[in-house]
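Hi,

Here is the model I promised to pass on.

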Amino acid sequence: MSVHEHEMTPGGQSDVPVRMPAGDVPARDAVRSDGPRDFGARVLTLDHVSRSYGDGDEVIHALHDTSLGVRAGSFVAVVGPSGSGKSTLLSIAGGLRTPSAGRVLLGDRPLSSAGERQRARMRLTGIGFVLQGANLVPFLTVLEQFRLVDRILHRDGRDRALALLDGLGVSALAGKYPEELSGGERQRVAIARAMYLKPPLILADEPTAALDSERAFDVVRILADEAHHNGRAVVMVTHDTRLLGSCDRVLTMRDGRILPEATA
Ligand SMILES: Nc1ncnc2c1ncn2[C@@H]1O[C@H](COP(=O)(O)OP(=O)(O)OP(=O)(O)O)[C@@H](O)[C@H]1O
Ligand SMILES: [Mg+2]
């Protein structure tokens with residue numbers, strides 16, 4: 001009986017069109033700051049998802065029967081105490097972990113039940129992930145982190161990579177290796193890489209943790225733009241309540257559950 005349905009718009013789940021937006025979807029009215037916003041198609045669906053770790057007497061129920069829908073054009077924050085299940089929620093949403101029960105859809109495609117290869121493919125092109133602790137490949141330079149993706153997909157996005165790095169103030173570091181960067185610089189490179197393929201869904205786990213407050217605001221502004229101007233669905237875990245102003249929804253987690261959202 002602990003099911004919460006977290007929806008942007010009133011109404012049940014059944015009338016929600018579930019499809020993956022193609023490319024850059026203009027988020028209708030999503031930039032409007034007053035009144036109810038009209039969001040796009042459902043990008044991410046968690047349907048009664050649970051996740052436990054361990055077995056026997058040592059079972060930790062990190063996520064309990066959690067349902068969530070995130071639409072194109074919306075910027076969702078997830079807050080809550082340490083250990084409340086935020087990273088578990090995000091890694092399941094991103095197909096990095098599988099749920100113990102329930103299912104995850106990316107657009108209308110099942111992610112959680114897909115095979116490992118297919119899941120990797122869906123992650124590559126459908127999800128930009130900024131992990132807690134920047135997830136860069138240690139033996140590749142900053143620019144090569146992007147070129148690796150290019151090579152896999154037979155594309156050339158060098159200019160976009162440099163433009164993104166420039167937007168985050170780290171283009172001068174293009175030739176450096178992750179170990180030569182500060183924590184904050186690494187984090188900004190990881191954010192640029194998450195946005196690189198213009199994925200419909202961006203998941204960011206404390207993307208501002210290693211940044212000073214000015215840089216943190218810059219990053220949040222960039223993520224908000226990705227949602228509100230480029231029509232992506234963005235979910236950001238954060239501990240920093242100062243950053244919540246640009247978010248459309250704030251989900252609070254406690255003991256593996258999303259608390260009911262306050263309605264405006
Ligand atoms: N791989 C794992 N094996 C066993 N337990 C785990 C594992 N990952 C997380 N947990 C446990 O699951 C619970 C939720 O962890 P999670 O990482 O999702 O929390 P969080 O809200 O992200 O915390 P933080 O704010 O510290 O990052 C915690 O009790 C944690 O100890
Ligand atoms: Mg975490």
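Predicted model: local features only at pLDDT ≥ 70, side-chain atom pairs only at ≥ 80, totals over all residues.

Let's start with ligand 1: 13 residues surround it, the closest being Tyr53, Ala62, Ser82, Ser87 and Thr88 (near means a C-beta atom, placed from the backbone, within 6 Å). Strand S3 (60-71) and helix H1 (86-93) are the elements that give two or more residues to this shell, and H1 gives the most, with three. Helices (H or I, at least four residues) and strands (E, at least two) are DSSP runs, numbered from the N terminus.

Residues are numbered from 1 along each chain as its sequence is written, with chains lettered from A and ligands numbered from 1 in the order in which they are written.

Now helix H3 (residues 142-153). Its buried residues are Val142, Gln145 and Phe146 (buried: 20 or more other C-beta atoms within 10 Å of the residue's own, all placed from the backbone). They sit on the same side of H3 because they cover an arc of only 90° around the axis, taken from the directions from the helix axis to the C-beta atoms. Their cover includes helix H4 (158-167) and H5. After H3 comes histidine 154, with a positive phi near 50°.

Lastly, leucine 223: beyond its neighbours within four places in sequence, this residue is in contact (C-beta atoms, placed from the backbone, within 7 Å) with Phe75, Ile202, Ala204, Val234 and Met236.

Cheers

Methods. Contact = placed C-beta atoms within 7 Å. Buried ≥ 20, exposed ≤ 12 C-beta atoms within 10 Å, placed from the backbone.
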